[in-house]
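Here are my notes on this one, as numbered points. Have a look at the model first, then read on.

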Amino acid sequence: MNKRILLALLWSISSLMAIGQSMTGNEIEAAANTQLDKGIEELMSFMKIPNIGSNKEDVTNNLNWCIDRFKNLGFNTRIITTEGAPLLFAEKLLSKNKKTILFYLQIDGQPVDASAWDQPDPFKPVIKQRTTSGNWVPIDWKLKSQTDPDWRIFGRSASDSKGPALSFITALDIFKQRSLQVGFNIKVIMDFQEELGSPTLAAAVEQHRDLLSTDMVLIMDGTRHISNWPTLTYGARGIATATIKIFGPKTPLHSGQYGNFAPNPVFEAARFIASLKDPNGRVQIKGFYDGITLSESDKKALNSLPENEDSLKIRLGIAERDQVGGSYQESLQYPSLNVRGLRAAWVGKEVRTIIPEAVDIEIDMRLVPETPGERMLHLLEEHLKTQGYHIVDSIPTAKERSSYAKLASLSYRLGSLPFRTEMDSEAGIFLKRAMQAVFGTKLVNMRTTGGSQPIAPFVRTLNVPAISIRIPNPDNNIHAPNENLRVGNFLEGIMMCLAILNEPL
């Protein structure tokens with residue numbers, strides 16, 4: 001008898017014996033295994049609904065699916081209208097005397113370029129199996145006698161983040177089927193424009209703070225630690241973006257006629273970019289790292305995670321790392337500055353022998369709680385000035401062109417704010433207790449993630465802690481072609497959600 005059949009038998013027996021009672025760790029594993037195939041089917045059906053947040057029809061279709069699904073689970077639902085896309089709120093209240101957990105679900109996904117995917121349609125998910133040569137090939141998984149945890153579901157939003165959302169929904173289904181009562185009130189907020197920066201979320205949280213009041217926020221979003229162990233993440237970096245335009249001549253010039261006379265702004269841009277970091281990768285903007293300290297206990301906790309720097313460098317294809325922090329985990333505790341794009345003139349088949357009129361430098365900065373975005377953008381602007389640039393609001397005037405040798409413009413956008421929850425907070429202790437009941441010591445607690453999440457409005461407005469429940473495999477290609485979710489991770493995601501619902505609060 002294989003393990004899965006044995007677990008299913010255990011689930012059937014325990015279902016008869018444990019109505020109205022909490023589950024053991026073994027019962028949680030058995031229940032998740034029994035519901036796995038149905039959960040996969042529902043996830044793949046959900047993924048067939050395109051979910052680009054800028055498309056009103058996509059938002060409406062996903063909103064309606066979520067309304068129906070949560071009503072079926074016995075939740076009361078309410079649409080929160082905003083100046084942009086609506087949010088969906090759902091709740092199941094047991095008692096005013098019980099504590100409340102608010103679950104955040106991201107429903108939208110990144111745009112797709114279907115031509116770059118290894119399947120006809122990114123919104124028609126397929127399950128693939130890896131061959132001995134390392135290639136992924138589609139399979140008819142329903143004809144297989146047993147579901148393999150190493151199969152992967154390929155399609156947009158498999159990992160980011162319909163897979164995590166369905167892990168939570170599947171766990172709620174299991175509790176409903178067993179007539180089990182959760183020990184706390186449940187509220188759910190569903191965001192249909194997270195990939196657009198959740199532009200209306202902060203105002204909605206402020207306006208509906210009583211409706212959303214809670215004791216903690218759990219975020220069903222984000223990738224696991226590189227070990228692929230069940231992961232809890234206690235913070236996220238914020239983000240600010242900037243576009244710097246370095247101006248050259250007022251029109252593109254023939255490089256033969258004017259080379260050696262008219263300066264090429266690409267070289268000025270290169271010198272400016274080089275001024276941003278030293279050879280060790282540390283940002284050279286004055287005051288960039290001010291206010292950040294890591295205690296010895298912080299460093300000990302960060303470096304206790306199961307990761308190996310040499311293996312990570314091999315996986316990333318790099319020989320040396322930037323010297324910010326003493327390890328990968330320490331590096332995530334600092335703000336970062338990244339040149340995410342450059343544009344000047346033409347390349348490839350369109351290349352031409354010209355001196356371009358301008359260079360665009362696209363920058364993103366990941367922020368930590370000690371480095372607010374307004375301050376960091378001000379430091380960037382001051383650094384631009386120290387490099388000798390006169391800053392203009394738009395295209396330089398003729399007078400400005402004749403007066404200043406170095407001209408630039410700077411525009412920016414503030415995105416998600418950073419947040420951090422203490423690991424030994426009540427919320428952290430509750431989650432660690434729940435996870436350890438199922439996974440034992442196979443658990444990763446990360447102080448922060450390198451990416452950004454739109455959760456700071458909840459933390460600041462509601463004055464509550466927030467922690468991210470990490471389910472997807474680290475090699476999931478989120479935001480890119482061939483996004484995928486490992487079936488074993490989906491299974492463990494259901495188990496993680498069951499463990500939370502099962503734990504007294």
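1. Charges first: the 56 positive and 55 negative charges of the protein have mean positions 1 Å apart. Lys and Arg are the positives and Asp and Glu the negatives, with His and the chain ends not counted; each charge sits at NZ of Lys, CZ of Arg, CG of Asp or CD of Glu.

2. Some ground rules. This is a predicted model, where local features need pLDDT of at least 70 and side-chain atom pairs count only at pLDDT 80 or more, while totals for chains, interfaces and linings use all residues. Residues are numbered from 1 along each chain as its sequence is written, and side-chain values use heavy atoms, leaving out hydrogens and water.

3. Overall shape: the C-alpha trace spans about 85 × 50 × 45 Å along its principal axes. Of the 505 residues, 52% are buried (under 20% relative accessible area, 1.4 Å probe, protein chains only).

4. Now zoom in on Asn-476, in the loop between β20 (466-470) and β21 (484-486); strands here are DSSP runs of E, at least two residues, numbered from the N terminus. Asn-476 is buried, because its relative accessible area is 3%.

5. What does the side chain of Asn-476 pair with? Its partners include the side chain of Thr-223, through a polar contact of 3.0 Å (N or O atoms within 3.5 Å, one able to donate a hydrogen and the other to accept it; residues adjacent in sequence count only if both atoms are side-chain atoms). A polar atom of the Asn-476 side chain also lies 2.8 Å from the backbone oxygen of Asn-473.

Methods. Buried < 20%, exposed > 50% of the residue type's maximum accessible area, 1.4 Å probe, protein only. Helix = DSSP H or I, 4+ residues; strand = E, 2+ residues; numbered from the N terminus.
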